[in-house]
Amino acid sequence: QVAKAMSVPPAAILGGLLILTSFILSPAVVTVPGTDWEEPVLIWLTICMPTGSRKTTIYQFLRGLLQDIRQQSGCNDSAPTWMLQDATFEKMGVLMSDNGGRLLGLYDELSAFLTKIRLYSSRGLTDSHELAMFLELYNANPWTRITVTGEANFSMKSTSLTVGGFNQPSVARSLMELSGNAEKGLSQRFLWICPQPVYNNFTTLEKN
């Protein structure tokens with residue numbers, strides 16, 4: 001009903017809710033009784049939708065849902081510190097450390113976030129410490145940063161970074177085809193949802 005009211009694909013709404021659920025459950029882990037197998041409950045998910053298919057509408061719905069949850073929990077801040085916005089890679093680490101190793105990155109344009117934290121450029125994936133550490137965060141690995149100046153230092157025994165957002169299909173394809181991606185495994189860490197866009201006529205919209 002939510003997807004129908006917004007004239008968007010149900011799979012896109014489901015994908016967004018999976019992102020939020022992953023963050024709410026973190027830092028939970030899945031274990032198999034009788035074995036040493038353990039897997040963090042983390043989802044990195046990209047929803048691929050073309051221009052004009054109301055990506056921003058879904059993004060705003062998810063942001064509003066988060067705000068409603070916080071208000072019901074007695075938190076009325078408009079910019080929660082556990083939700084990553086415009087930040088450098090080092091600042092991301094500080095925010096995560098301040099929030100017990102948990103952080104949510106939700107983006108209207110996910111590729112802009114990956115560029116901001118210096119993971120890739122037009123020439124391909126960067127051969128950088130930022131990329132190597134970002135890939136390790138998918139496994140909820142520890143993260144420590146100690147500098148001579150003492151700025152942006154932190155130490156986390158475990159991490160829980162949930163990342164999700166939207167991209168146009170052409171941008172998503174370019175990310176997958178980046179030089180070095182197959183070897184380093186950036187796109188393989190993401191779930192990619194590419195739902196069929198919903199284009200209603202005026203009569204259908206009036207009924208909704």
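Is asparagine 181 buried or exposed? At 2% relative accessibility, asparagine 181 counts as buried, because the limit for a buried residue is under 20%. The model described here is predicted.

## Asparagine 181 and its surroundings

Asparagine 181 sits in helix H8, which covers residues 181–184. The side chain of asparagine 181 makes a polar contact of 2.6 Å with the side chain of serine 187.

Setting aside neighbours within four places in sequence, asparagine 181 touches Leu125, Leu175, Met176, Leu186, Ser187 and Gln188.

## Packing of helices H4 and H6

Helix H4 spans residues 89–98 and helix H6 spans residues 129–137. The axes of the two helices come within 11 Å and cross at roughly 35°. The crossing of H4 and H6 is left-handed.

On the H4 side, the residues in contact are Phe89, Glu90 and Met92. On the H6 side they are Glu130, Met133, Phe134 and Leu137. Sorted by class, the contact of H4 with H6 has 5 nonpolar residues, 2 charged residues and no polar ones.

Side chains of opposite charge can pair when their charged atoms come close. Across the whole structure, a search finds 3 salt bridges.

Arginine 118 forms a salt bridge with glutamate 90, with 3.1 Å between the closest N and O atoms. Arginine 118 lies in the loop between helix H5 (110–116) and strand S6 (120–121), while glutamate 90 is in helix H4, so this pair ties together parts that are 28 residues apart in sequence. Arginine 118 also forms a salt bridge with glutamate 130, where the closest N and O atoms are 2.7 Å apart. Glutamate 130 belongs to helix H6 and arginine 118 to the loop between H5 and S6, so the pair ties together parts that are 12 residues apart in sequence.

Glutamate 130 is buried, at 12% relative accessibility. Arginine 118 is partly exposed, at 36% relative accessibility. The backbone of arginine 118 has a phi near 65°, a positive value in a residue other than glycine.

## The salt bridge of arginine 173

Arginine 173 forms a salt bridge with glutamate 177, and the closest N and O atoms are 2.9 Å apart. Arginine 173 counts as exposed at 56% relative accessibility. Glutamate 177 is exposed as well, with a relative accessible area of 54%.

## Backbone features in loops

Which residues does a cis peptide bond join? The bond lies between serine 26 and proline 27, with omega about 5°. Proline 27 is in the loop between helix H2 (10–25) and strand S1 (29–31).

Alanine 152 has a positive phi of about 55° although it is not a glycine. Alanine 152 is placed in the loop between strand S8 (143–145) and strand S9 (154–156). With a relative accessible area of 29%, alanine 152 is partly exposed.

How values were computed: Residues numbered from 1 in each chain as written. Predicted model: local features only at pLDDT ≥ 70, side-chain atom pairs only at ≥ 80, totals over all residues. Heavy atoms only, no water. Axes fitted to C-alpha atoms, helices over the stretch in contact; angles between N-to-C directions. Helix = DSSP H or I, 4+ residues; strand = E, 2+ residues; numbered from the N terminus. Left-handed = near helix turned anticlockwise from the far one by under 90°. Contact = heavy atoms within 4.5 Å. Nonpolar A, V, L, I, M, F, W, Y, C, P; charged D, E, K, R; others polar. Salt bridge = Lys/Arg side-chain N within 4 Å of Asp/Glu carboxyl O. Buried < 20%, exposed > 50% of the residue type's maximum accessible area, 1.4 Å probe, protein only. Polar contact = N/O pair within 3.5 Å; in protein donor to acceptor, adjacent residues only side chain to side chain.
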